[in-house]
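Please find below a short note for a reader who is new to this structure. The points are numbered so that each can be checked against the coordinates.

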Amino acid sequence: MKYYSLNNPNLKVSFKEAAITGIAPDKGLYFPESLPQLNRSFFENIEKYTKEEIAYQAIHPFIGDEIPESVLRNIISETLNFDFPIVEVQESIFALELYHGPTMAFKDVGARFMSRCLRYFTQGRKDKITILVATSGDTGGAVANGFYGVEGVEVVILYPSGKVSTIQEKQLTTLGKNISAIEVKGTFDDCQDMVKRAFLDPELQTKNLTSANSINIARWLPQMFYYFLIYQKLKSKNKPILVSVPSGNFGNICAGMLAMQMGLPINHFIASTNVNDTIPRFMSTQKYEPHPTIETISNAMDVSNPSNFIRILELFQQKTNLLEEKLSSYSFSDEETVQLIQKLYAETQYLADPHGAVGYLGLAAYREQYPDTLGVFLETAHPVKFPESIEKYLGIHIPIPQSLQPILDKPKHSYEIESYKNLKDFLLYK
Ligand SMILES: *Cc1c(COP(=O)(O)O)cnc(C)c1O
């Protein structure tokens, strides 16, 4: 499979090249040059397959012979070695819990898959690749954990000092080895600006800098696995399936819609956002007008210019009338989100995190018109990661899961920096 730049369809590269560089030289996002179609018998027999087999069938057309079958199967089993429970929260409403991975973020799947692809591609290479990421919380932890100990890859994570939660900070700063945590005196935007500057800095060219956000196809594509698992679990109920995805950069939902274009029988997608509502507005006005980003309690979705939306448009040949048949989008305030968390807990004892709660609200809004369907919302983070909002609004204490305990006892190691020059010196001379 070749991938073209969305800025120039004639600029094509291999999966390997796209995974190593992240973004095209003309700054376009990479997109597969064709959409593989999975055959009918795959879907007819899907309940007989393991999650690893489903994932292999779904992703190998995107990789072709660039990774040998046995290596790819091994990458997949390391990527998916935890549970993906689907819980019936109310009649015909399901939560797909994506937070049972090592850092309790749904980004674990993408980070683990990407890191292992890079491990394969950098074998025998003399120079190292350096992954540079800015994080406001969850991305950094998933990337740090996914790349920990991967040979040939150095990871440098920038985070704003004092602005990430204790659990999140420990997930970044306690690993060591090939993972360096850079604590920036400033905001998340300052971190992101430094990262952008580093990518453009000619003196850092020799460092082979690359990114690990959902722009990278090796992080973006494996997210489609979730949607095949939904179909596998709900198929026997024989009803149309709706899926609502709490969305920020729109990488996750875009992977789901890609799966649909490959033949996966999901009837409709709902992109649920917080008050950063560029896409809900776009879907009703056809005008793409980002506003300044607003901070919310579902902070992983505080994005006003979602980078992957252009890929969703490309899936529909940039035709919004075709897109409308398959995608609806709604936005919700923090107040509505908190009320829903309280109501759901009171009525069902189900504990939603603020991101999942936004997903639930979008599902409920769309499903009103189509009650004879199965609705699924994605639960993208463990509620324990948002103790401030959950404990405050529900008046309950959420115990920290066993699996997170060990890192809380480990000492923190970070490099404190104040300026871009500090970062550059670190990258050049560390
Ligand atoms: C990253 C993230 C999202 C948004 O996912 P996108 O692919 O950027 O749309 C939603 N919820 C949580 C908890 C996240 O970490």
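How do the residues of the lining of the second largest pocket divide into nonpolar, polar and charged?

1. The model is predicted. In the second largest pocket, the lining consists of four nonpolar, six polar and four charged residues. The space in this pocket amounts to about 290 Å³.

2. The lining of the second largest pocket is made up of 14 residues, and those nearest the pocket centre are Ile297, Asn299, Lys385, Phe386 and Glu388. Helix α17, which covers residues 387-394, supplies the largest share of this lining, with four residues.

3. The structure holds one cavity of 30 Å³ or more. Gly248, Phe250, Thr273, Asn276 and Val303 are the closest to the centre of the largest cavity among the 13 residues that line it. The volume of the largest cavity is about 50 Å³.

4. Helix α12 (residues 278-285) contributes three residues to the lining of the largest cavity, the most of any element. By residue type, the lining of this cavity comprises six nonpolar residues, six polar residues and one charged residue.

5. The note now turns to the strands. Five strands form an open sheet in the order β9-β6-β7-β8-β14, and their pairing is parallel. Because β9 (209-210) and β14 (415-417) each have a single partner strand, they stand at the edges of the sheet, and one side of each has no neighbour there.

6. The contact between β6 and β9 can be described at residue level. Strand β6 (residues 129-134) runs parallel to β9 and is joined to β9 by two bridges. Across this pair, isoleucine 131 stands opposite threonine 210 of β9.

7. Is helix α7 largely enclosed or left open by the rest of the structure? Helix α7 (residues 166-173) is largely enclosed, because seven of its eight residues are buried, that is, under 20% relative accessible area. The buried residues are Ile167, Gln168, Glu169, Lys170, Gln171, Leu172 and Thr173.

8. The surroundings of α7 include both helices and strands: its buried residues pack against α6 (138-147), β7 (153-160), β8 (179-184) and α18 (405-408). Of these neighbours, β7 and β8 also belong to the five-stranded open sheet.

9. As to annotation, an unreviewed UniProt entry places the feature "domain: Tryptophan synthase beta chain-like PALP" at residues 91-372. Over residues 91-372 the chain is 44% helix and 16% strand. The end C-alpha atoms of this stretch lie 11 Å apart.

Terms used
Residues are numbered from 1 along each chain as its sequence is written. This is a predicted model: local features need pLDDT of at least 70, side-chain atom pairs count only at pLDDT 80 or more; totals for chains, interfaces and linings use all residues. Side-chain values use heavy atoms; hydrogens and water are left out. Buried means under 20% relative accessible area, exposed over 50%, partly exposed in between (1.4 Å probe, protein chains only). Contact means heavy atoms within 4.5 Å. UniProt positions are given in the numbering used here, feature names are shortened, and annotations may be inferred rather than shown by experiment. On a 1 Å grid over the protein atoms alone, a cavity is a set of points where a 1.4 Å probe fits but cannot get out, and a pocket is an open set with protein on both sides within 12 Å along at least five of seven lines; lining residues have an atom within 4 Å of a point. Grid points are joined across faces, edges and corners, and a volume is the space filled by probe spheres set on the points. Ala, Val, Leu, Ile, Met, Phe, Trp, Tyr, Cys and Pro count as nonpolar, Asp, Glu, Lys and Arg as charged, and the others, Gly among them, as polar. Two strands pair if DSSP finds at least two bridges between them.
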